[in-house]
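The sequence and structure come next.

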Amino acid sequence: MRFRRLLDYPHYTRPAEFRGMAVPEVLVGGNHEQIRKWRRGKALEKTLHNRPDLLKRQPLSKEDRKLLDKLRSEQRLKFQS
């Protein structure tokens, strides 16, 4: 069986602001652990939204599962509002 990956996280480049859109503060802060978590979170979020089937075969850490639970609960709240 072929290993399926998550969809990619958003990528940014210079300048830090372009056409009124700013790079998220976490990416310019320099804390590599926070950047790693942000990227993983965005990849999980995009995959959950666009290709939830990929998550079924994806090995997930405890941190990933916790974040997915949070994203799913936020998603449910959006639909209830």
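A residue counts as buried when its relative accessible area is under 20%, as exposed when over 50%, and as partly exposed in between. The model discussed here is predicted. Tyr12 has a relative accessible area of 43%, so Tyr12 is partly exposed. Trp38, at 16% relative accessibility, counts as buried.

The structure has one aromatic pair. In this pair the ring centres of Tyr12 and Trp38 lie 6.2 Å apart and the planes meet at 55 degrees, so the pair is classed as tilted. The pair joins distant parts of the chain, 26 residues apart: Tyr12 lies in the segment before β1 (17-18) and Trp38 in helix α2.

## Nonpolar core

Seven residues make up the largest nonpolar core: Leu6, Ala43, Leu44, Leu48, Leu55, Leu68 and Leu71. Two or more residues come from each of α2 and α4 (62-80). The greatest contribution is that of α2, with three residues.

Beyond residues up to four places away in sequence, Leu44 touches Leu6, Leu55, Leu60, Asp64, Leu67, Leu68 and Leu71. In soluble globular proteins, nonpolar side chains tend to be buried together.

## Thr47

Thr47 is in helix α2, which spans residues 32-50. Its relative accessible area is 0%, so Thr47 is buried. Apart from neighbours within four places in sequence, Thr47 is in contact with Leu6, Leu7, Pro52, Leu54 and Leu55. Leu6 and Leu55 also belong to the largest nonpolar core.

Terms used:
Residues are numbered from 1 along each chain as its sequence is written. This is a predicted model: local features need pLDDT of at least 70, side-chain atom pairs count only at pLDDT 80 or more; totals for chains, interfaces and linings use all residues. Side-chain values use heavy atoms; hydrogens and water are left out. Helices (H or I, at least four residues) and strands (E, at least two) are DSSP runs, numbered from the N terminus. Buried means under 20% relative accessible area, exposed over 50%, partly exposed in between (1.4 Å probe, protein chains only). Contact means heavy atoms within 4.5 Å. A nonpolar core is a set of buried Ala, Val, Leu, Ile, Met, Phe, Trp, Tyr and Cys residues joined through side-chain atoms within 4.5 Å. Rings of Phe, Tyr and Trp (its six-membered ring) pair if their centres lie within 6.5 Å; planes under 30 degrees apart count as stacked, over 60 as edge-to-face and the rest as tilted.
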